[in-house]
Amino acid sequence: MRCFATCGRGIETLLANELRDLGARDVEPGRGGVHFAGDLALLYKANLLLRTAIRVLRPILTCPVTSADELYDAVQGVDWSEYMTPEHTLAVDCNVRDSQITHSKYAALRTKDAICDQFVARSGRRPSVDVEEPMVGLNLHIYRDEAVLSLESSGESLHKRGYRPILTKAPLNESLAAALVLLSGWKGETPFIDPLCGSGTLPIEATWLAIRRPPGLTRKRFGFQGWMDFDIQLWTELRDEARRGVLKETRATIAGRDIRRDAIRFAIERPGWGT
């Protein structure tokens, strides 16, 4: 299975190293992400364990397109009964750049229409759209007239760990914070001090790294859980194994400080400092 994990620009090498550590094959850093290969277990572990990734995508269609009609025809060429049923809900997220197709929302609409029209032609029924929490999420990326349509395995962005109940002013992205910690070479054996910690994202990410806590451990839902081939037993085994590997305490002091008392108060009150 070929996949693509997205990340912030400039940290592709860090993400590639994470994927190799998980046992991914054919790891190839690209532009804003990393291509890799693996089985279903690796896809699950990538979502659960990767610290610098934003999303993990499973491409199912790659083709040249110069118009919305060409896109519609290409999407119609996929046998969608392999990925969903009329009882499923779906949503299509799209971004386009440097292409003759310039309207991302219209491209997403034509993709959705192609899928639903195929189901109507075959069975007289069609999947419904749920933009908030679809059972099958799709990601459409069109760049220089090449379209890549992927199954969205992550659902909500992986940088959302669950310990930020509200957004502070200019918050540091959690995946970027993890990347900064990894880039520093810190291994959890020496003290970690952030003198300008704000709401505590860097110290929390350092703590989770030090105690080997997976960033997706307490996440309520991943996108792949709505797929037809979702293996709940495999997923439960992988999640339980990851939970057993979490350490009870750090080996060195991890601390943060800031001149703003409200930032310190918010950092203390937010979950994430322990297991």
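This report describes the strands, helices, selected residues and cysteines of a predicted model.

## Basis of the model

Because the structure is predicted, local features need pLDDT of at least 70 and side-chain atom pairs count only at pLDDT 80 or more, while totals for chains, interfaces and linings use all residues. Residues are numbered from 1 along each chain as its sequence is written, and side-chain values use heavy atoms, with hydrogens and water left out.

## The sheet

Helices (H or I, at least four residues) and strands (E, at least two) are DSSP runs numbered from the N terminus. Two strands are taken to pair if DSSP finds at least two bridges between them. On this basis, eight strands form an open sheet with mixed pairing, in the order β2-β3-β1-β4-β8-β7-β5-β6. Its edge strands are β2 (25-29) and β6 (128-129), each of which pairs on one side only. In general, strands of a sheet pair through backbone hydrogen bonds, either parallel or antiparallel.

Strand β3 (residues 33-37) is joined to β1 (residues 2-6) by five bridges, and the two run antiparallel. Within this pair, F4 stands opposite H35, and R2 has A37 as its bridge partner. Strands β2 and β3 also pair in the antiparallel sense, over three bridges, with E28 standing opposite H35. The hairpin of β2 and β3 has three residues between the strands, and G32 takes a positive phi near 75° there. Strand β3 is mostly covered, as four of its five residues are buried; buried means under 20% relative accessible area, exposed over 50%, and partly exposed in between (1.4 Å probe, protein chains only).

Helix α4 (residues 104-123) lies across β5 (89-97), β6, β7 (136-143) and β8 (146-152), and runs at about 140° to β5. Such angles run from 0 to 180 degrees between N-to-C directions, with axes being lines fitted to C-alpha atoms, for helices over the stretch in contact. Contact means heavy atoms within 4.5 Å.

Helix α7 (residues 232-244) has 13 residues and reaches 18 Å from its first C-alpha to its last, close to the expected 18 Å; the expected span is 1.5 Å times one less than the number of residues. The buried residues of α7 are W235, L238 and A242. They lie on the same side of α7 because they cover an arc of only 70° around the axis, the arc being that of the directions from the helix axis to the C-beta atoms. Their cover includes α2 (40-49). On the other side of α7, I232, Q233, E241 and R244 are exposed.

R58 is found in strand β4 (residues 55-64) and counts as buried at 18% relative accessibility. Leaving aside residues up to four places away in sequence, R58 touches M1, R2, S150, L151, W227 and D229.

E174 belongs to helix α5 (residues 174-184) and is buried, with a relative accessible area of 4%. E174 and Y163 are eleven residues apart in sequence and 9.9 Å apart in space, C-alpha to C-alpha.

## Cysteines

A disulfide is here a pair of cysteine sulfur atoms within 2.5 Å. By this rule the model has zero disulfides. C94 is in no disulfide, and the nearest cysteine sulfur, that of C63, is 12 Å away. C94 counts as buried at 12% relative accessibility, and C197 is buried with a relative accessible area of 9%.
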